[in-house]
Amino acid sequence: MKFGICYSYFQHSWDGGFETYRDAIPKVARLGFETLEVGTTDLAAMSDDQLETLRRLCEEHGIALTAGGGMGKAHNAASEDESIRKNGVQRLKSFLPAMQKAGVKKMCGVYFGYWMYDYSQPVNKPAAWAQSVKSMREMADAAAQYGIELMLEVVTRYEHFLLNTAAEAVRYVQEVGRPNVKILLDTFHMNIEEDSLAGAIRTAGKHLGHMHIGEANRKLPGKGRLPWREGADALKEIGYQGDLVMEPFVLSNCEVGDTLYLFHDLSDGASDEQLAEDAADSLRFVKGLFV
């Protein structure tokens with residue numbers, strides 16, 4: 001099992017260009033992390049030399065990159081409009097060469113539809129489900145050629161309607177029927193939608209390929225009320241060997257906070273140095289659950 005963090009924890013904007021990731025790799029390694037989750041679209045915009053530089057830096061510092069992201073409305077892989085659905089498939093395929101050059105083995109996020117869903121539009125879940133499954137089979141087959149797994153994030157009803165629970169996600173990945181399509185559970189979303197965090201982990205079972213962890217209010221693990229011991233025991237029970245990636249959001253009055261409707265500071269006015277120290281403390285807490 002590897003312990004990681006999303007680059008966006010340290011950021012005021014979603015801009016995750018080459019320099020941001022170049023500087024973040026040694027930083028998170030010094031803090032004790034083994035995985036850094038970066039933005040899919042950011043990597044896709046980089047030159048081959050930049051991607052190779054990131055890959056070398058990761059090797060030097062013992063860091064694995066995972067890539068997170070999703071689709072926009074124009075690339076909705078669950079659209080009933082066949083041209084839009086195909087745009088979504090092609091969009092994901094276009095990311096794959098850059099991911100391989102950067103050494104990324106996991107693409108994580110909402111690729112089964114688009115994020116965030118516009119609920120001014122009608123919801124036809126059966127039709128969207130069928131279109132999404134068709135798209136995901138095509139996406140998975142393309143990703144397999146690059147040795148990449150697709151980790152599909154189960155999110156709250158407020159962000160999308162298709163996959164809100166571990167049980168729905170299991171049914172979805174079984175229907176897709178591709179070994180490189182797995183489930184991504186996120187404790188923030190689970191806290192809203194699931195009866196039990198541990199129960200959801202057990203439900204996902206062998207299909208669980210990635211975990212995002214953070215408190216119910218999106219603080220760092222260990223700074224809130226979630227039942228972390230129960231979750232850790234469930235992960236041990238299913239023999240989970242994937243990544244545990246912290247995805248906290250604590251900064252307000254910035255692009256990242258605004259996007260996630262965070263309009264009050266959860267960092268207690270922390271400096272960059274304090275943010276890093278807090279992350280290291282949280283990492284020690286999480287690792288302690290698996291000793």
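Biologist: What covers the buried residues of α3?
Modeller: The cover includes α1 (18-31), α2 (40-44), β3 (64-70) and α4 (82-102). Contact here means heavy atoms within 4.5 Å. Helices (H or I, at least four residues) and strands (E, at least two) are DSSP runs, numbered from the N terminus. One caveat: this is a predicted model, where local features need pLDDT of at least 70 and side-chain atom pairs count only at pLDDT 80 or more, while totals for chains, interfaces and linings use all residues. Residues are numbered from 1 along each chain as its sequence is written, and side-chain values use heavy atoms, with hydrogens and water left out.

Biologist: Which residues of α3 are buried?
Modeller: Leu51, Leu54, Leu57 and Cys58. Buried means under 20% relative accessible area, exposed over 50%, and partly exposed in between (1.4 Å probe, protein chains only).

Biologist: Where do they sit around the axis of α3?
Modeller: On the same side of α3, because they cover an arc of only 125° around the axis. That arc is taken from the directions from the helix axis to the C-beta atoms.

Biologist: And what does the face turned away from the buried side carry?
Modeller: The exposed residues Asp49, Glu59 and Glu60.

Biologist: How far apart are the end C-alpha atoms of α3?
Modeller: They are 20 Å apart. Helix α3 has 14 residues (48-61) and should span 20 Å at 1.5 Å a residue, so the two agree. The expected span is 1.5 Å times one less than the number of residues.

Biologist: What follows α3?
Modeller: Gly62. Its phi is positive, near 70°.

Biologist: Switching to charges. How many salt bridges are there?
Modeller: The count comes to 17. The rule asks for a side-chain nitrogen of Lys or Arg within 4 Å of a carboxyl oxygen of Asp or Glu.

Biologist: Which residue does Glu52 form a salt bridge with?
Modeller: Arg56, with the closest N and O atoms 3.9 Å apart. Glu52 is partly exposed at 27% relative accessibility, and Arg56 is partly exposed at 38%.

Biologist: What about Glu82, which partner does that one have?
Modeller: Lys134, with the closest N and O atoms 3.6 Å apart. Glu82 lies in helix α4 and Lys134 in helix α5 (residues 125-144), so the pair ties together parts that are 52 residues apart in sequence. Glu82 has 29% relative accessibility, which makes it partly exposed. Lys134 is partly exposed too, at 33%.

Biologist: And where does the side chain of Arg85 find a salt bridge?
Modeller: At Glu138, 3.2 Å from N to O. Arg85 lies in helix α4 and Glu138 in helix α5, so this pair ties together parts 53 residues apart in sequence.

Biologist: Is Arg85 buried or exposed?
Modeller: Arg85 counts as buried, at 2% relative accessibility. Glu138 is partly exposed, at 30%.

Biologist: Which residues do shared partners join into one network?
Modeller: Glu52, Arg55, Arg56 and Glu59.

Biologist: Now the sheet. What do the strands make?
Modeller: A closed barrel of 8 strands, β1-β2-β3-β4-β5-β6-β7-β8, with parallel pairing. Two strands pair if DSSP finds at least two bridges between them. Neighbouring strands are turned by 30° against each other on average, direction ignored.

Biologist: Give me some pairs. How many bridges do β2 and β3 have?
Modeller: They pair over 5 bridges, in the parallel sense, with β2 covering residues 35-39. Leu36 has Leu65 in β3 as its bridge partner. Then 4 bridges join β3 to β4, also running parallel. There, Ala67 stands opposite Met107 in β4.

Biologist: How enclosed is β4?
Modeller: Largely enclosed by the rest of the structure, because 5 of its 5 residues are buried.

Biologist: Last topic. Where does Tyr158 lie?
Modeller: In the loop between β5 (149-153) and α6 (166-176). Tyr158 is exposed, with a relative accessible area of 56%.

Biologist: What does Tyr158 touch?
Modeller: Tyr119 and Ile192, not counting residues up to four places away in sequence. The C-alpha atoms of Tyr158 and Ser94 are separated by 28 Å.

Note on methods: Axes fitted to C-alpha atoms, helices over the stretch in contact; angles between N-to-C directions.
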